[in-house]
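I opened my notebook to keep track of what I look up in this structure.

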Amino acid sequence: MDRRNFLKTGMLGALIAASPISLSAFDSPTRQSGKSGRLNLSFRPYELKLRHAFNLARNQRTTTPGVQVQIEYDGLIGYGEASMPPYLGENVASVCEFLGKLDLSQFADPFRIEDIHEYMDSVAPNDRAAKASVDIALHDLTGKIMGQPWYKIWGLNPEKTPNTSYTISYDSNPDEMRKKIEETAGFKVIKVKMGVGHDKETVESLRRFSDVPICVDANQGWTNKQKALEMCHWLSERNCLFVEQPMDKKAIDDTAWLRERSPLPIIADEFLQRLPDVKRAAQCYDGINIKLMKSTGLHEAYQMAVLARALGMKVMLGCMTETSCAVSAASQLSPLADWADLDGNLLIANDIFDGMKIVDGKVTIPDRPGIGVVPL
Ligand code: MG
C-alpha cells in the first residue's frame with residue numbers, strides 16, 4: 001500500500017464528505033505534513049469486492065464500502081480500517097466526514113486510548129465503524145511501540161483460539177451450492193444465513209455434501225416465535241451449535257420466550273452494539289456476537305467480552321466483510337471467545353494485508369506486534 005495515497009485529514013476530509021466518492025479521485029499522491037511527536041491521521045476509501053454475491057435476509061450485495069486508515073507517530077505506522085455494511089447506516093462519506101473532523105494531533109501519547117475514545121464520542125455519538133478504524137490503528141501503533149501483539153498484552157493464550165466458521169448463503173443451483181460447500185473444506189464449522197425463505201432447503205442441500213457442525217444466522221428474518229422454536233428443534237437434530245439473531249432486535253419478549261424453550265443457545269448480534277448493551281442482552285439472549293465495527297474497536301470489545309463472561313454468557317467474535325486488517329485485530333481477542341466468525345477477509349477478492357490465518361479451521365494469531373498485519 002502506498003502511504004502517499006493516503007489523505008491527510010482536515011480540508012480534504014471535508015471535501016470528501018461533500019463530494020460524490022470516486023476512488024480514482026484519490027490516486028494522486030497527497031503529501032503528509034504531520035507533526036513530530038504527535039498522532040497524524042490519514043485515510044482513504046477502499047471498496048471491497050466480494051468473491052460471491054451475498055444473499056442476506058433483506059438484500060443482496062457484491063461489494064462493501066471500506067475506508068483504510070493510518071496513524072503515524074514518530075516514524076511508526078498503525079493500520080486501521082472501517083467496514084460499513086449498508087444496514088448499519090455508515091458509508092464512505094460519513095466515515096470520511098467523521099475522520100475529517102478529528103484532530104488527533106492534539107494527542108502526544110498514543111497510549112491515551114481511553115482519552116481518545118472519549119474525545120471521539122464527544123465529536124459524534126455514533127459513527128462506530130469510523131471510531132473503530134482509529135481504535136484499531138491505535139492498537140496497532142501502541143503494540144508496535146511495545147513490540148508485542150495485543151493478545152500477549154492482554155495476557156491471553158494463543159492456543160485457546162476457537163475454530164472459525166465459514167459463511168455460505170443459499171443458492172438454488174445445486175452445482176453452485178456444491179461449489180460453495182467445497183470451499184468450506186478444512187473448516188470445522190459452517191455458518192448458514194437464514195431468514196430468506198429457503199431455510200430447510202439450505203441445510204438439506206448442505207447436508208448432502210458435508211456433515212460438519214453448522215451455526216445459523218437468521219439476521220432477524222424469523223417473524224413467528226413458535227415457528228422459530230420449531231426451527232431451533234429441527235436444527236438441533238442436524239448438528240447445529242447455536243442460532244444467531246433469530247428475530248427482530250426489537251422483539252425482546254418473543255426472544256426471551258424463545259430463549260427459555262430453545263434447545264440451542266440464542267446469540268445476539270443486531271440487538272447490541274457497545275458495552276452498555278451487554279447487560280440488556282443478558283435478559284433475553286444466551287450470548288453476544290461482538291464485532292469491532294459495532295463496538296468502536298478493540299478497547300470496548302475487550303471490555304464487552306470480559307463483562308459477558310462475568311455474566312455467564314457465551315461470547316462470539318464476529319466481523320464484517322473486511323480486509324485482514326480488521327480481522328487480524330479481532331483475532332487478538334479470540335482466546336476470549338467461545339466461537340469465532342472471522343472469515344471476512346476470506347470473502348473478498350482484493351485483500352491488501354497479510355495477517356491472521358485459519359489453520360485447520362482454527363484462528364491462528366500472527367506472531368507480529370500490534371494487530372499483526374503487514375501491507376501486501
Ligand atoms: Mg449476524
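**Entry: Asn239**

I looked for Asn239 and found it in the loop between α8 (225-236) and β10 (240-244). I am reading a predicted model here, not an experimental one. Next I looked up the backbone of Asn239. Its phi is near 55°, which is a positive value in a residue other than glycine. I noted the background too: most residues other than glycine have a negative phi. Is Asn239 buried or exposed, or does it sit in between? Its relative accessibility is 36%, so Asn239 counts as partly exposed.

**Entry: Asp360**

I then turned to Asp360. It lies in the loop between β16 (357-359) and β17 (362-364). I found a positive phi of about 55° for Asp360, although it is not a glycine. Asp360 has a relative accessible area of 57%, and the cut-off for exposed is over 50%, so Asp360 is exposed.

**Entry: Lys188**

Which residues does Lys188 touch, not counting residues up to four places away in sequence? I listed Asn163, Val212, Pro213, Asp360 and Gly361. I followed up on Asn163. Lys188 and Asn163 are 25 residues apart in sequence, yet their C-alpha atoms are 6.5 Å apart in space. Lys188 itself lies in the loop between α6 (174-182) and β8. Its relative accessibility is 33%, so I put Lys188 down as partly exposed.

**Entry: Lys193**

I moved along to Lys193. It lies in strand β8 (residues 189-193). Is Lys193 buried or exposed? Buried means under 20% relative accessible area, and Lys193 has 10% relative accessibility, so Lys193 counts as buried. I also looked up a distance. Lys193 and Tyr170 are 23 residues apart along the chain, and 7.5 Å separates their C-alpha atoms.

**Entry: Asn224**

I checked one further loop residue. Asn224 lies in the loop between β9 (214-217) and α8. Its relative accessibility is 35%, so Asn224 counts as partly exposed.

**Entry: α7 and α8**

Now I took up helix pairs. How do α7 and α8 lie relative to each other, parallel or antiparallel? I read an angle of about 5° between helix α7 (residues 199-207) and α8, with the axes 12 Å apart. Angles under 35 degrees count as roughly parallel, so α7 and α8 are roughly parallel to each other. From α7, the contact uses Asp199, Lys200, Val203 and Glu204; from α8, it uses Met231, Trp234 and Leu235. I sorted the contact of α7 with α8 by class: four nonpolar, no polar and three charged residues.

**Entry: α3 and α4**

I looked at helix α3 (residues 113-123) next. It packs with α4 at an angle of about 165°, and the axes are 11 Å apart. Over 145 degrees counts as roughly antiparallel, so that is how I describe α3 and α4. Their crossing is right-handed. Which residues meet here, in α3 and in α4? In α3 I wrote down Ile113, Ile116, His117, Met120 and Asp121. In α4 their partners are Lys131, Val134, Asp135, Leu138, His139 and Thr142. The contact of α3 with α4 has five nonpolar, three polar and three charged residues.

**Entry: α2 and α4**

I stayed with α4 (residues 128-146) and looked up helix α2 (residues 92-101). The two pack at an angle of about 55°, with their axes 8 Å apart. I therefore call α2 and α4 oblique to each other. This crossing is right-handed. Val95, Phe98 and Leu99 in α2 meet Ala130, Lys131, Ser133 and Val134 in α4. I counted classes in the contact of α2 with α4: five nonpolar, one polar and one charged.

**Entry: the whole chain**

Last, I stepped back. The chain has 13 helices and 18 strands. Of its 376 residues, 56% are buried. The accessible surface comes to about 15,100 Å², and 49% of that belongs to carbon and sulfur atoms. I also looked up contacts between residues at least 6 apart in sequence. Among those, 68% join residues at least 24 apart.

Key
Residues numbered from 1 in each chain as written. Predicted model: local features only at pLDDT ≥ 70, side-chain atom pairs only at ≥ 80, totals over all residues. Heavy atoms only, no water. Axes fitted to C-alpha atoms, helices over the stretch in contact; angles between N-to-C directions. Helix = DSSP H or I, 4+ residues; strand = E, 2+ residues; numbered from the N terminus. Parallel < 35°, antiparallel > 145°, perpendicular 65-115°, else oblique. Left-handed = near helix turned anticlockwise from the far one by under 90°. Contact = heavy atoms within 4.5 Å. Nonpolar A, V, L, I, M, F, W, Y, C, P; charged D, E, K, R; others polar. Buried < 20%, exposed > 50% of the residue type's maximum accessible area, 1.4 Å probe, protein only. Areas by Shrake-Rupley, 256 points an atom, 1.4 Å probe, with all protein chains shown as cover.
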